[in-house]
Each structure stands twice: as C-alpha cells, then as structure tokens.
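Work through the exercises below with the model open. Each task is followed by a stepwise solution.

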Amino acid sequence: MAILERSDRGAVARLTLNHPEKLNALSDAMLAALQAEFDSLATDESIRVVIIAGTGKAFCAGHDLKEMTQGRQAEDGGRTYFADLFARCAKVMTAIRTLPQPVIAQPHGIATAAGCQLVASCDMAVAAEGTRFGVNGVNIGLFCSTPMVALSRNIPRKQAFEMLTTGDFIDTARALELGLINRTVPHEQLEAETDALADKVAAKLGAAVRIGKRAFYDQIEMPLDQAYAYTGEVMVENMLYRDTAEGIAAFLEKRAPEWDQD
C-alpha cells in the first residue's frame, strides 16, 4: 500500500497519510510523497480543494525519530542530513501555503511536533473531538523551532510560547479557542464534516478562490496602506474575470451562476 494515498471526489482531492504503524510520521518517504502530490496539484485546475487526513489512531506524530537517530551515524554527526531534512520539511509546509487550492487538515488522535506544524500550515482544519495537539519536542531536549513558525502564525504568541516551552498538549476545545482549528466534531462525523466544508468551498468560483488565497497571505504581511493598495489591484483583476461578471449578473437576476470551472 502507498504511504500516501490520494482519492479525488469531483473537485476535491483527499491526501491520506497511510503509515499507521509509525503514527503517520513525516519520514523521508512521507515528505517526498507529499511534495510530489503538492507539485502535481499546483497545476491541476480541476481540483479546487485539498484535504489532508491520516489513517490509524493518529493524524501525525511529527518527524520519524528513528530515522533521525540513524542520521547521526554520518561522519558529521548528522549535520548535513538534519539540515536537508528540515529544509525538505519546510518546503512541504510552504507548498501548502502556495498551493492555489485551499487546504483543509482533518486531524484526529494526536497531531504532535511537525504533525501539529502540518495542521497549522493548512488553511483550515476540522478536528475530531478528543484530538490532542502539541509541540512537545522540548520534552526530549529538541525545541520545536520549525513547527514554531507555523504555530506562531496561527495562535497568540504567549500561548504558542507556553506550548513550546512546556511541551504540554492542548485539547480540541482549547485548539478551537486559540484558532488552531476551525471546528471540532465527533470522530464518526469527521470525514463527513470535512467533506461538507470542502464541498462548500469547491462550489465557489475556483479562479476567485485561487486569487483570493494568494492575496490573503500576501497582504497579511504588509503594512495597512500597502495591503489596501495591493488588494485593490487584486479585486480589479478579479472583477475583470468573465465568470465574475456572470456571477454578479446571476445574483442580480436571482438565478444560479453558470461558471466555467474547467
């Protein structure tokens, strides 16, 4: 069986981490598989939403510590391997942000260290009740510095710092309160709820969502005046789309829009 499974349902692609024996750890093979799928999805205009889920009892337990330990056997003590590993992981996380499609995480069980980073890197998240989230590397003497990048851009800094320095887990109620996830549902409803959110987004004009996702992340790092100037240009570009004109006409005429989503 593939370490990462992809199944498409209409305009929604589901990527399922499929190495439950390793708690779906972000091993070298898993990172390579994710990167390959993201590279493919980046140019796939037939897909308008991506879901990332996991098999077994955990969503993702972070990096594969056994692989990392093996990396120490190199003459340089693992420095070259570790540098390459964290660079590859950062590339995967960054690819989620730069994908034109919104990406929804579907965590359950646990999402720890780089697994929590994966949730934080996604645009939205629907979690099963009882899921625990943590950046707990500090408990084994390894501060979660790279997971910190995504986490600190998702939740308030003091709460992020507490998680990073204590290694404590938070539950779904706290994750929802802090903004790490969008909603939480009973485990038996998890896939259906995630699919419903994906379908709602996929039904929108794909070209508008693509330009909007890019603008969302670009503007958030700009000063206020620059952000308004930039997003004004984006809206001008969006307004000139043929399908946007059709969407406005359909609204005024109280009918469903006839969009060309292909």
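On a 1 Å grid over the protein atoms alone, a cavity is a set of points where a 1.4 Å probe fits but cannot get out; a pocket is an open set with protein on both sides within 12 Å along at least five of seven lines; lining residues have an atom within 4 Å of a point. Grid points are joined across faces, edges and corners, and a volume is the space filled by probe spheres set on the points. This is a predicted model: local features need pLDDT of at least 70, side-chain atom pairs count only at pLDDT 80 or more, and totals for chains, interfaces and linings use all residues. Residues are numbered from 1 along each chain as its sequence is written, and side-chain values use heavy atoms, with hydrogens and water left out.

**Exercise 1. Enclosed space**

Task: How many cavities of 30 Å³ or more does the count give? Describe the lining of the largest cavity.

Solution. 
- Step 1: The count is 1 cavity of 30 Å³ or more. The volume of the largest cavity is about 40 Å³.
- Step 2: Its lining includes Ile47, Arg48, Pro100, Val201, Lys204 and Arg210.
- Step 3: Assign elements. Helices (H or I, at least four residues) and strands (E, at least two) are DSSP runs, numbered from the N terminus. α8 (190-202) and α9 (206-219) each supply at least two lining residues. The largest share, 3 residues, is from α9.
- Step 4: Sort by class. Ala, Val, Leu, Ile, Met, Phe, Trp, Tyr, Cys and Pro count as nonpolar, Asp, Glu, Lys and Arg as charged, and the others, Gly among them, as polar. The lining of the largest cavity has 6 nonpolar, 2 polar and 3 charged residues.

**Exercise 2. Open space**

Task: What are the volumes of the largest pocket and the second largest pocket? Which residues lie nearest the centre of each?

Solution. 
- Step 1: The largest pocket holds about 670 Å³ of space. Of its 25 lining residues, Arg97, Ala120, Arg153, Asn154 and Tyr217 lie nearest the centre.
- Step 2: Two or more residues of this lining come from each of α3, α4, β6 (124-128), α5 (145-151) and α9. By class, the lining of the largest pocket has 14 nonpolar, 7 polar and 4 charged residues.
- Step 3: The second largest pocket has a volume of about 320 Å³. It is lined by 18 residues, with His63, Ala113, Gly137, Leu142 and Cys144 nearest its centre.
- Step 4: α2 (65-71) and α5 each give at least two residues to the lining of the second largest pocket. α5 gives the most, with 3 residues. This lining has 10 nonpolar residues, 8 polar and no charged.

**Exercise 3. Helix α4 and its cysteine**

Task: Is helix α4 mostly covered or uncovered?

Solution. 
- Step 1: Buried means under 20% relative accessible area, exposed over 50%, partly exposed in between (1.4 Å probe, protein chains only). Helix α4 (residues 114-121) is mostly covered, with 8 of its 8 residues buried. Among them are Gly115, Gln117 and Ser121.
- Step 2: A disulfide is a pair of cysteine sulfur atoms within 2.5 Å. The count is 0 disulfides. For Cys116, the nearest cysteine sulfur, that of Cys144, is 8.5 Å away.
- Step 3: Check accessibility. Cys116 is buried at 1%, and Cys144 is buried at 6%.

**Exercise 4. The nonpolar cores**

Task: Which members of the largest nonpolar core touch the most other members?

Solution. 
- Step 1: A nonpolar core is a set of buried Ala, Val, Leu, Ile, Met, Phe, Trp, Tyr and Cys residues joined through side-chain atoms within 4.5 Å.
- Step 2: The largest has 52 residues, and Phe38, Val119, Phe133, Leu151 and Leu180 touch the most other members. Helix α3 (residues 79-98) gives this core its largest share, 8 residues.
- Step 3: A second, separate core has 14 residues, including Ala11, Met124, Ala128 and Leu197.
- Step 4: Take Leu180 (contact means heavy atoms within 4.5 Å). Beyond its neighbours within four places in sequence, Leu180 is in contact with residues including Cys116, Val119, Phe133 and Leu151.

**Exercise 5. Positive phi**

Task: Where are Asn24 and Ala113 found?

Solution. 
- Step 1: Asn24 sits in the loop between β2 (12-17) and α1 (28-41). Its phi is positive, about 55°, although Asn24 is not a glycine. Asn24 is buried, at 0% relative accessible area.
- Step 2: Ala113 is in the loop between β5 (110-112) and α4. Ala113 has a positive phi of about 50° and is not a glycine either. At 16% relative accessibility, Ala113 counts as buried.
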